[in-house]
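Open the model in your viewer and keep the selection panel at hand. The stops below say what to pick next and what is there.

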Amino acid sequence: MSSWLITLAIIGIAVVTVVGDYFIKLASLTSSPVQNKWFLAGCAMYILSTFGWVFTLRHIKLASIGVLYSLSIVILLAALGVFVFGETLNRLELVGFGFAVI
């Protein structure tokens, strides 16, 4: 399997995981965070991402996946927080974000 296809799969898994995080964030904003449709949708996304992990782990080392997946998660979650939930990043968080990307 080609390396660019594996790379796309890993980024796709990160996107699915972040969609799950989005639903969990929505659930956390309700009065009963565990007993609503957003929580169940988030769990479904996490289960879906697990199937993706099984597929990609057959083709590439865990350490290699970890680097790309972690970088994708950091970027996607920061973007989700800022652009969707209107969160702001303070200076220290921006420095940490920069270090994570570097």
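Which residues does T56 touch, not counting residues up to four places away in sequence? Select T56 and show its surroundings. The residues are A9, I10, I13 and I65. T56 itself sits in helix 2, residues 37-57. Its relative accessibility is 0%, so T56 counts as buried. Keep in mind that this is a predicted model.

**Stop 1: the whole chain**

Zoom out and colour by secondary structure. The protein has four helices and zero strands. Read from the N terminus, the order of elements is α-α-α-α. Switch to the C-alpha trace. Along its principal axes it spans about 45 × 35 × 20 Å. Now colour by accessibility. Of the 102 residues in the protein, 23% are buried. Take the contacts between residues at least 6 apart in sequence: 64% of them join residues at least 24 apart.

**Stop 2: the largest nonpolar core**

Select I6, I10, I13, A14, V18, W53, I65, Y69, I73 and L80. These ten residues form the largest nonpolar core. Two elements give two or more residues to this core: helix 1 (3-28) and helix 3 (62-84). Helix 1 provides the largest share, with five residues. In soluble globular proteins, nonpolar side chains tend to be buried together.

What is Y69 in contact with, leaving aside its neighbours within four places in sequence? The list is I10, I13, A14, T17 and W53.

**Stop 3: helix 1 against helix 3**

Hide everything but helix 1 and helix 3. Two packed helices are described by the angle between their axes and the distance between the axes. Draw both axes. For helix 1 and helix 3, the axes come within 9 Å. They cross at roughly 40°. Helix 1 and helix 3 are therefore oblique to each other. The crossing of helix 1 past helix 3 is right-handed.

Next, show the side chains where the two helices meet. On helix 1, pick T7, I10, I11, I13, A14, V15, T17, V18, D21 and Y22. On helix 3, pick I65, L68, Y69, S72, I73, L76, L77, L80 and V84. Colour this contact by residue class. It divides into 15 nonpolar residues, three polar and one charged.

**Stop 4: S72 and V84**

Two residues on the helix 3 side deserve a separate look. Select S72, which is found in helix 3. Is S72 buried or exposed? At 11% relative accessibility, under the 20% limit, S72 counts as buried. S72 touches I11 and A14, again not counting residues up to four places away in sequence.

Move along helix 3 to V84, which also has its place there. With a relative accessible area of 48%, V84 is partly exposed. Leaving aside neighbours within four places in sequence, V84 is in contact with Y22 and A79.

**Stop 5: helix 2 against helix 3**

How do the axes of helix 2 and helix 3 lie, and at what angle do they cross? They come within 10 Å and cross at roughly 130°. Helix 2 and helix 3 are therefore oblique to each other. This crossing is right-handed. Select the contact itself: W53, T56 and L57 from helix 2, with L62, I65 and Y69 from helix 3. By class, this contact of helix 2 with helix 3 has five nonpolar residues, one polar and no charged.

**Stop 6: L62**

End on L62, which lies in helix 3. Its relative accessibility is 57%, so L62 counts as exposed. Beyond its neighbours within four places in sequence, L62 is in contact with W53 and L57. Finally, draw a distance from the C-alpha atom of L62 to that of N36. The two residues are 26 apart along the chain, and the C-alpha atoms are separated by 34 Å.

Definitions and conventions. Residues numbered from 1 in each chain as written. Predicted model: local features only at pLDDT ≥ 70, side-chain atom pairs only at ≥ 80, totals over all residues. Heavy atoms only, no water. Core = buried A, V, L, I, M, F, W, Y, C linked by side-chain atoms within 4.5 Å. Buried < 20%, exposed > 50% of the residue type's maximum accessible area, 1.4 Å probe, protein only. Contact = heavy atoms within 4.5 Å. Axes fitted to C-alpha atoms, helices over the stretch in contact; angles between N-to-C directions. Parallel < 35°, antiparallel > 145°, perpendicular 65-115°, else oblique. Left-handed = near helix turned anticlockwise from the far one by under 90°. Nonpolar A, V, L, I, M, F, W, Y, C, P; charged D, E, K, R; others polar.
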